[in-house]
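Opened a new notebook page for this one. I want to get the overall layout down and then follow a few residues.

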Amino acid sequence: MYQSHQTGKRIIGDTTNQSGPGPYIMAANTLVGDKVVNESGDDLGTLKHIMVDVVGGTIPYAVLSFGGILGMGDKLFAVPWGSLVLDADNEWFVLNVPKDRLENAPGFDKNDWPDMADERWRSEVSGYYGPAAPQSMPFI
């Protein structure tokens with residue numbers, strides 16, 4: 001379904017008929033709430049937060065919400081920003097992870113966040129999603 005993801009592109013779809021900002025530079029708040037799917041089209045949840053490394057000037061993670069009903073019982077997952085591809089046509093993100101792998105990923109509760117600056121935690125998260133996923137993407 002998403003063969004373009006394999007080429008390493010960060011944005012797929014028709015980017016020529018865009019009006020206003022995007023898809024290359026976008027306000028973070030316009031991305032929060034976007035759907036996230038895998039390459040098979042399975043729903044993996046929604047983008048809840050975009051985490052900014054203020055000191056390093058990078059976006060290390062996107063936080064996904066998955067599971068639960070109406071926001072109750074959902075689990076949060078920090079996914080390396082470099083693992084996501086924007087599908088400009090569908091206005092959602094693609095994450096190359098099978099649904100069952102995400103269900104078993106290291107996650108956290110919305111009231112008990114991990115220390116995302118901890119190098120051991122960062123290594124665990126980036127290792128889970130594979131070496132092809134960079135830990136962060138620099139700001140433009």
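This is a predicted model: local features need pLDDT of at least 70, side-chain atom pairs count only at pLDDT 80 or more; totals for chains, interfaces and linings use all residues.

My entries follow, from the whole chain down to single side chains.

**Entry 1: the whole chain.** I counted elements and got 3 helices and 8 strands. Reading from the N terminus, I wrote the order down as β-α-β-β-β-β-β-β-α-α-β. The protein has 140 residues, and 39% of them count as buried. I also looked at contacts between residues at least 6 apart in sequence: 57% of these join residues at least 24 apart. The exposed surface comes to about 8,100 Å², with carbon and sulfur atoms supplying 52% of it.

**Entry 2: helix H3.** Which residues of H3 are buried? Going through residues 119-128, I listed Trp121, Arg122, Val125, Ser126 and Tyr128. I then looked down the axis of H3: the buried residues fall within an arc of 160°, so they line one face of the helix. On the face turned away from the buried side I found the exposed residues Glu119, Arg120 and Gly127.

Next I asked what the buried residues of H3 pack against.

**Entry 3: around Tyr128.** I stayed with Tyr128, whose relative accessible area is 17%; it is buried because the cut-off is under 20%. Tyr129 also counts as buried, at 12% relative accessibility. The structure holds 5 aromatic pairs. One of them is Tyr128 with Tyr129, and I logged it as edge-to-face, 5.4 Å centre to centre with 75° between the planes.

**Entry 4: Asp74.** Where is Asp74? I found it in the loop between S4 and S5. Is Asp74 buried or exposed? Buried, with a relative accessible area of 14%. I checked its side chain for a partner and found a polar contact with the side chain of Ser65, at 2.4 Å. Last, I looked at Asp74 and Lys110: they are 36 residues apart in sequence, and their C-alpha atoms are 8.3 Å apart in space.

Definitions and conventions:
Residues are numbered from 1 along each chain as its sequence is written. Side-chain values use heavy atoms; hydrogens and water are left out. Buried means under 20% relative accessible area, exposed over 50%, partly exposed in between (1.4 Å probe, protein chains only). Helices (H or I, at least four residues) and strands (E, at least two) are DSSP runs, numbered from the N terminus. The arc is that of the directions from the helix axis to the C-beta atoms. Contact means heavy atoms within 4.5 Å. Rings of Phe, Tyr and Trp (its six-membered ring) pair if their centres lie within 6.5 Å; planes under 30 degrees apart count as stacked, over 60 as edge-to-face and the rest as tilted. A polar contact is a pair of N or O atoms within 3.5 Å; within protein, one must be able to donate a hydrogen and the other to accept it, and residues adjacent in sequence count only if both atoms are side-chain atoms. Accessible areas come from the Shrake-Rupley method with a 1.4 Å probe; for residues, only the protein chains shown count as cover.
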